[in-house]
Amino acid sequence: MPEAHEMTDAEWFDAAFAGAPLMAILRGMGVERTIRLAETAWDLGIDSVEVPLQTAQDEDALRALVARAQARGKSVGAGTIITPAQVAVAAGAGAAYLVSPGIDPEVVRAAQDAGIPILPGVATPSEVQLAVSLGLTWLKAFPATWLGAGWFRHIRGPFPQVRFVATGGLDAANVEEFLDAGVRVAAVGSALEDAAQLERLAAVLRARASR
């Protein structure tokens with residue numbers, strides 16, 4: 001994938017999520033478990049993996065996974081970025097993109113200044129409009145299951161140019177409901193450790209690839 005500074009945030013996310021409508025979020029899992037589940041995701045066909053940064057151990061996991069990802073030609077994102085200082089930490093650890101639970105213009109500008117694509121979280125039309133005013137068209141909708149699939153059908157009316165990654169409470173049982181509602185990418189986590197869910201997620205990927 002081209003370097004982030006060679007393309008806009010929208011172009012970068014378009015390319016990053018082109019291969020599959022799913023991404024993996026590996027929160028607080030430690031180095032070994034993070035790598036194991038990321039490998040599971042990559043083998044399944046889920047290219048995008050996010051490691052939320054909340055502890056020193058999370059930073060260790062991110063660094064280790066970035067090294068593993070480089071060997072496989074994958075990119076790893078850093079999540080739960082809520083301060084400009086964390087932008088620098090994530091960049092230093094090798095994160096290719098950033099994800100925030102909410103939208104903070106200072107964090108967005110810090111990411112833009114660092115040349116790292118960012119996916120801020122939104123849950124209201126006002127937050128979506130703020131994100132658009134900051135030049136963003138790829139956004140994280142959180143918490144997705146609380147918002148409900150219908151939220152995405154309604155929000156596409158005034159913001160047809162925005163593409164959403166739905167996170168929060170999604171698994172193999174409900175990802176298709178959100179994808180059918182217009183979500184571009186659905187995020188899963190612990191489902192990667194459930195053999196039954198893995199089989200179902202694989203079926204989702206096969207079905208979407210054939211469309």
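Helix α2 is followed by Gly45, a residue with a positive phi near 110 degrees. The model is predicted. Helix α2 itself covers residues 30-44. The 15 residues of this helix should span 21 Å at 1.5 Å a residue, and its end C-alpha atoms lie 21 Å apart, so the two values agree.

Several residues of α2 are buried. They are Thr34, Ile35, Leu37, Ala38, Glu39, Ala41 and Trp42.

The loop between α3 and β3 holds Ser75. Ser75 has a relative accessibility of 17%. Buried means under 20%, so Ser75 counts as buried. Beyond its neighbours within four places in sequence, Ser75 is in contact with Trp12, Asp47, Val49 and Ala96.

The strands form an open sheet. Nine strands take part, in the order β5-β4-β3-β2-β1-β9-β8-β7-β6, and the pairing is parallel. Strands β5 (118-119) and β6 are the edge strands, each pairing on one side only.

Two of the pairings can be described by residue. Strand β8 (residues 163-166) pairs with strand β9 (residues 185-188) in the parallel sense, over two bridges. Ala166 has Ala186 of β9 as its bridge partner. Strand β6 (residues 121-122) likewise pairs with β7 in the parallel sense over two bridges. Here Gly121 has Lys140 of β7 as its bridge partner.

Strand β7 comprises residues 138-141 and is covered on both faces. Trp138 and Lys140 lie on one side, and Leu139 and Ala141 on the other. All four of these residues are buried.

The largest pocket was examined next. Rolling a probe the size of a water molecule over the atoms shows where empty space is left. The largest pocket holds about 270 Å³ of space. Its lining consists of 15 residues. Nearest the pocket centre lie Ile25, Gly168, Gly169, Val188 and Gly189. By class, the lining comprises six nonpolar, six polar and three charged residues.

How values were computed
Residues are numbered from 1 along each chain as its sequence is written. This is a predicted model: local features need pLDDT of at least 70, side-chain atom pairs count only at pLDDT 80 or more; totals for chains, interfaces and linings use all residues. Side-chain values use heavy atoms; hydrogens and water are left out. Helices (H or I, at least four residues) and strands (E, at least two) are DSSP runs, numbered from the N terminus. The expected span of a helix is 1.5 Å times one less than its number of residues. Buried means under 20% relative accessible area, exposed over 50%, partly exposed in between (1.4 Å probe, protein chains only). On a 1 Å grid over the protein atoms alone, a cavity is a set of points where a 1.4 Å probe fits but cannot get out, and a pocket is an open set with protein on both sides within 12 Å along at least five of seven lines; lining residues have an atom within 4 Å of a point. Grid points are joined across faces, edges and corners, and a volume is the space filled by probe spheres set on the points. Ala, Val, Leu, Ile, Met, Phe, Trp, Tyr, Cys and Pro count as nonpolar, Asp, Glu, Lys and Arg as charged, and the others, Gly among them, as polar. Contact means heavy atoms within 4.5 Å. Two strands pair if DSSP finds at least two bridges between them.
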